[in-house]
Amino acid sequence: MDLLHIIALALLQGLTEFLPISSSAHLILLPIIADWQDQGLAFDVAVHVGTLTAVIIYFRRTIRALIVDWFKSVAQKQTIGDSKLAWAVLFGTIPVGLAGLFLGDLVETSFRSPLVIATTTIVFGLLLGWADWQGKRIRNENRLNWFDVLFIGIAQAIALIPGTSRSGITITAGLMLGLTREAAARFSFLLSIPVIVLAGGLKIIELIESQLVIDWSALCAGALFSAVSAYLCIFLFLKMLDRIGMWPFVLYRLVLGVLLFWLFT
């Protein structure tokens, strides 16, 4: 990979991982449209490490409180501080873990076509717009009950289909449940941490088993650029979310979906 490919793919991963527009769709489509060679498994691992680093640094105080209160709740067998939210993040990760375990091969083969991506980009973009329009936006993430968490967790599992957008569909689910935009986004970002850890762990195992020759300089550059762009993306997205709403992303998804149908049909 040359430097241009590294920067473009890393910035793309960092910017789209947390925006409701699907990072997997963009990472699949950019090499196809630009006629680039597939970036490979090792680079995918590197940019995911970058985005994981960004979200952990941004939410470091929240994560520290979640971990401390979770251990206290386990020891004392009662809800302590933010322990309920910590349990919600863990519980909400179960559906996507099970879906990835049983449907991973199908997702990696049948669902990676440009037409599937075009369809999911439009359909789930419209659903995001509807949820933003109809949502009551009166609750925060600390008021989620177990049904709410399961609903958002199942939504996250659907995001295994490229083009759906993990952040997009979990934010959509949160808005449908009456969360504020910022609360839906925060819970979506916290949910991303165990998901990225699980996905990255599986990719690392595959990488070790493949015994590929690794270009460490390319991987380090990819991780760095994706981390910086992801951190800035989270910061700006949460800062501007109440002002701009979801409709700019909805319109982007509609334009992208139509473009994909035009290019690949």
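Helix α8 passes helix α9 in a right-handed crossing. A crossing is right-handed if the near helix is turned clockwise from the far one by less than a right angle, and left-handed if anticlockwise. Helices here are DSSP runs of H or I with at least four residues, strands are runs of E with at least two, and both are numbered from the N terminus. The model is predicted, so local features need pLDDT of at least 70, side-chain atom pairs count only at pLDDT 80 or more, and totals for chains, interfaces and linings use all residues. Residues are numbered from 1 along each chain as its sequence is written, and side-chain values use heavy atoms, with hydrogens and water left out.

Helix α8 spans residues 166-176 and helix α9 spans residues 181-210. Their axes come within 8 Å and cross at roughly 135 degrees. That angle makes α8 oblique to α9. Axes are lines fitted to C-alpha atoms, for helices over the stretch in contact, and angles run from 0 to 180 degrees between N-to-C directions. Angles under 35 degrees count as roughly parallel, over 145 as roughly antiparallel, 65 to 115 as roughly perpendicular and the rest as oblique.

From α8, the contact draws on Arg166, Ser167, Thr170, Ile171, Gly174 and Leu175. They meet Arg181, Ala184, Ala185, Ser188, Phe189, Leu191, Ser192 and Val195 in α9. Contact means heavy atoms within 4.5 Å. Seven residues of this contact are nonpolar, five are polar and two are charged. Ala, Val, Leu, Ile, Met, Phe, Trp, Tyr, Cys and Pro count as nonpolar, Asp, Glu, Lys and Arg as charged, and the others, Gly among them, as polar.

The crossing of α1 with α2 is right-handed. Ala8, Leu9, Leu12, Gln13 and Thr16 in α1 meet Ser23, His26, Leu27, Leu30 and Pro31 in α2. This contact holds six nonpolar residues, four polar and no charged.

The protein chain as a whole has eleven helices and zero strands. Its C-alpha atoms fill a box of roughly 55 × 40 × 35 Å along the principal axes. The radius of gyration is 18 Å, which agrees with the value near 18 Å for a compact globule of 265 residues. This radius is taken over C-alpha atoms, and the globule rule is 2.2 Å times the number of residues to the power 0.38. Of the 265 residues, 49% count as buried, meaning under 20% relative accessible area with a 1.4 Å probe, protein chains only. Among contacts with a separation of 6 or more, 81% join residues 24 or more positions apart.

Conventions
Buried means under 20% relative accessible area, exposed over 50%, partly exposed in between (1.4 Å probe, protein chains only).
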